[in-house]
Amino acid sequence: MEKIPITSQPGSEALPSGLKDLESLEEITVHQHLEAGDMCFQRPSRYSVYGKEDDSILYAQEVSECYARQCLGAMRAFVLKFSNQEGQDLIRLRRPLRCPCGVCWWWCCCVQELSIESPPGQEIGVIMEERCCCPVYKIIDENESVVFKIGFSCCLCKLCSDVVIPIYDGRGEQLLAEIKKSSAGDWGDYCGSRNDFIISYLQPLRVQDKILLLGASFLIDFNFFEKQQRSCC
C-alpha cells in the first residue's frame with residue numbers, strides 16, 4: 001500500500017479520511033471498549049476516536065503478547081494500530097518494554113517512551129519521559145527537535161474530579177493543548193472498568209502535531225490511569 005505523507009496543511013486533499021477529519025477538529029474523545037471479562041482476563045485493548053457529535057473517525061487495536069497483558073499489566077510492550085472507516089492503516093504507536101517494578105527508578109531502563117509512525121513505518125516523533133519529582137514528558141519530532149512539553153502533578157486522583165493535563169510548546173511557555181481524563185466519581189474510575197479521555201487542541205496545529213499529542217495521551221494513560229499501573233505480577 002502506498003504511503004501517504006501527513007504534512008499537508010488545512011485544505012489539502014492529500015489526506016485520507018480519518019486524518020482529514022482530525023485536521024479540522026479542535027477536540028477529540030478517545031473511548032476504550034471494555035467488557036466485563038476484561039476485569040479478569042485482559043484482552044488486547046480497543047479504542048475509538050470520536051470527533052463532533054460522536055462521529056467515529058479512527059479505530060485502534062492493540063497488538064501485544066498475552067502473557068505480557070496478564071503479568072505486566074499497563075507496563076507491557078505493545079503496538080497500537082489506528083485505521084479509518086475504510087480499514088486503511090494510518091497511525092502506529094510502538095511502546096517498548098521497560099522495567100515495571102521501579103527498582104531502577106533513576107536508570108534509563110525504567111524511563112518510558114513511545115514512538116509514533118504515520119504512515120506506519122515512517123516515524124514522525126517520540127514521546128519520552130524525563131525523570132524528576134513529578135511526571136514530565138517531552139515530545140521530539142522527526143528532526144529531533146522538542147516540539148511539546150507535558151508536566152503535571154504526581155497526585156492524580158481518579159475518583160474526585162476530572163484530571164486536566166496541560167501541554168505546552170517546546171520551550172514550556174505557551175499552552176497549546178490539554179488532555180482531560182474524565183471522571184464519573186464512582187468505583188468504575190478506580191477499578192478500570194471505564195476509560196475515556198478528551199484531547200482539546202487550544203491553538204491551530206498541524207495534523208502531524210495532533211497525531212503526536214494523540215500518541216502522548218496513550219502513554220500517559222498507560223502510565224498513570226490503567227488499573228495495574230507500575231506493578232508486575
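The model is a predicted one, so local features need pLDDT of at least 70 and side-chain atom pairs count only at pLDDT 80 or more, while totals for chains, interfaces and linings use all residues. Residues are numbered from 1 along each chain as its sequence is written, and side-chain values use heavy atoms, with hydrogens and water left out.

F82 and I91 touch the most other members of the largest nonpolar core, which holds 49 residues. Such a core is a set of buried Ala, Val, Leu, Ile, Met, Phe, Trp, Tyr and Cys residues joined through side-chain atoms within 4.5 Å; buried means under 20% relative accessible area, with a 1.4 Å probe and protein chains only. Helix α4 (residues 207–224) gives this core its largest share, 11 residues. Helices are DSSP runs of H or I with at least four residues, strands are E runs of at least two, and both are numbered from the N terminus. All 18 of the 18 residues of α4 are buried, so the helix is largely enclosed by the rest of the structure.

N84 lies in the loop between β4 (78–83) and β5 (89–95). With a relative accessible area of 5%, N84 is buried too, and its side chain reaches the backbone nitrogen of E86 at 3.1 Å. Across the protein chain, 49% of the 233 residues count as buried, and the secondary structure comes to 4 helices and 12 strands.

Notes. Buried < 20%, exposed > 50% of the residue type's maximum accessible area, 1.4 Å probe, protein only. Polar contact = N/O pair within 3.5 Å; in protein donor to acceptor, adjacent residues only side chain to side chain.
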